[in-house]
Amino acid sequence: MSQTARLEVPLRSLVLIACLIAVPLTLHGETFVWLDEQGVTHFSDDPKAAPSGAPLDGNEDTHVDRLRALWGSDRTGPVPRTPEGNSSSAEDRVVRMVRGAVDDLERGEGARASAALRSATRVDPRRPEPYWYLADIDRQRGRYGAAIEHLSRFLATAGPSLEPWRKLAKQRLIALEDEQKLADEDGSRGPLRWIASDSPHFRIQLDSDLSKVSPDFARSALGYLDAARDEVSSQIGVAPLEPLGVVFYGRAAYSKANAHRFSFQTVGFFDGRIHVASPAHPSDELRSLLYHEYTHAVFREQTGGDRPYWLNEGLAEQIERMARDEPASTRSERAALRSRIASGDWIPLRQLAPSFSGLSNDDARAAYLEAVVTVEWMAERTDRATRARILQRIGEGRSIDQVLHETLGLDTERLDLAVQARILDEFPSVDAATDIAPD
């Protein structure tokens, strides 16, 4: 396959293979993920699409990274207060169910949260809060009609005390209508028309339908990309030699233009340009996603490939987290790795260098976190020039062991041990790690 493709999934991004582009919304049903023997990640809403024996992930409950919602949602919403009086009342049951569902969403347990919220609507159909979160879940999955219905029910049941949320719900209804227009594949919009827009470092092509629903889309997208270039140049010290092409499609236009490329449904790929089935309106989440994918593109241009995967993915995540003003790794993430060290389940970096192919879901999550903390350890001990030299040396054909020895004085195995030692210093015992509350 000459292109790689992926569809982003809800709650905690799965191990991301280099130079892929993603959005989290599927057109129909659930999303499934598998890796082929070459380490390419494939995404489909058809569980039969995965080859027999492939590690399939019905990833609604995947908990590796945060929700890449492209809607700018941070899972905030109205949380009901516990009523006074009898704790066994229907009202109190609904409060507990909603609060528990919100906690489930924060832990990445989307299916469990959805079931609890639906139960809450059956217990008390007049309670507005469950509809808010059900709408949020459905719009993440691309179920626009269901999301509109839930938001409409929220507006019908929410009183004056929820007026700020009512205003936001009305704004989201408008955005949902725009998403529906761009996802409608009835062919009524005619042939695809492009609007070109350039900056000194990027050449973008924009589906004219995106421009219609969001007139400032091109300006916002170029702003995100230029900011990504500045951040990567600041942190890694390298940039593409030629302007990078990025193509933004409406969802239906993407499907029509690229259905012939793949035997499964995708919403993005990289073939020297980044191709994106985009949300209707730019957002902070789209911005952070472009930071991530731009870093992958730079890595490939500098090194000539995607390996070592742990370095590629770790750098991209580090840049993305900087874009969100977040730490390079969280204490709870490091605590999770401490538990794997104790159980003997730490995956050697050398095993992760070629690809993350063939890993179970739990191991894939661990591989992702190992990449994050390893690159964090390296970043603390290198400057921008050294990081640029690491990529340059890999591009010259040197092995990762040669490059690590030249820049850090150790090889892959010793880097493995150094990163584990840092985690062990932070959590001297397993109990110290398991007592950590989520960040």
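Helix 7 and helix 9 cross with a right-handed sense in this predicted model. Helix 7 covers residues 217–236 and helix 9 covers residues 284–303. Their axes lie 9 Å apart, and the packing angle is about 50°. That angle makes helix 7 oblique to helix 9.

Which residues of helix 7 and helix 9 make the contact? Helix 7 supplies F217, Y224, L225, A227, A228, R229, E231, V232 and I236. Helix 9 supplies D284, L286, R287, L290, Y291, Y294, T295 and V298. Sorted by class, this contact holds twelve nonpolar residues, one polar residue and four charged ones.

Helix 14 spans residues 384–395, and helix 15 spans residues 400–408. They pack at about 155°, so helix 14 is roughly antiparallel to helix 15. This crossing is also right-handed. On the helix 14 side, the contact residues are T386, R389, I390, R393 and I394. On the helix 15 side they are I400, V403, E406 and T407. By class, this contact has four nonpolar, two polar and three charged residues.

The table sets out the geometry of both pairs.

| Helix pair | Packing angle | Axis separation |
|---|---|---|
| Helix 7 and helix 9 | about 50° | 9 Å |
| Helix 14 and helix 15 | about 155° | 9 Å |

S278 sits in the loop between strand 9 (273–277) and helix 9. Is S278 buried or exposed? Its relative accessibility is 1%, so S278 counts as buried. Setting aside neighbours within four places in sequence, S278 touches L210, F217, F248, Y249, R251 and L286. Two of these names have come up already: F217 of helix 7 and L286 of helix 9 take part in the contact between those helices.

P308 lies in the loop between helix 9 and helix 10 (309–323). The peptide bond leading from R307 to P308 is cis, with omega near 0°. Further along comes D325, in the loop between helix 10 and helix 11 (331–342).

**A buried glycine**

G77 belongs to the loop between strand 4 (57–58) and helix 1 (90–107). With a relative accessible area of 14%, G77 falls under the 20% cut-off, so G77 is buried. Beyond its neighbours within four places in sequence, G77 is in contact with W132, Y133 and W165. P130 is 53 residues away from G77 along the chain, and their C-alpha atoms are separated by 9.9 Å.

**The chain as a whole**

How many helices and strands does the chain have? The secondary structure comes to 17 helices and nine strands. The chain has 439 residues, and 57% of them count as buried. Of the contacts with a separation of 6 or more, 70% join residues 24 or more positions apart. The accessible surface of the chain is about 18,300 Å². Carbon and sulfur atoms account for 48% of that surface.

Key: Residues are numbered from 1 along each chain as its sequence is written. This is a predicted model: local features need pLDDT of at least 70, side-chain atom pairs count only at pLDDT 80 or more; totals for chains, interfaces and linings use all residues. Side-chain values use heavy atoms; hydrogens and water are left out. Helices (H or I, at least four residues) and strands (E, at least two) are DSSP runs, numbered from the N terminus. Buried means under 20% relative accessible area, exposed over 50%, partly exposed in between (1.4 Å probe, protein chains only). Contact means heavy atoms within 4.5 Å. Accessible areas come from the Shrake-Rupley method with a 1.4 Å probe; for residues, only the protein chains shown count as cover. Axes are lines fitted to C-alpha atoms, for helices over the stretch in contact, and angles run from 0 to 180 degrees between N-to-C directions. Angles under 35 degrees count as roughly parallel, over 145 as roughly antiparallel, 65 to 115 as roughly perpendicular and the rest as oblique. A crossing is left-handed if the near helix is turned anticlockwise from the far one by less than a right angle, and right-handed if clockwise. Ala, Val, Leu, Ile, Met, Phe, Trp, Tyr, Cys and Pro count as nonpolar, Asp, Glu, Lys and Arg as charged, and the others, Gly among them, as polar.
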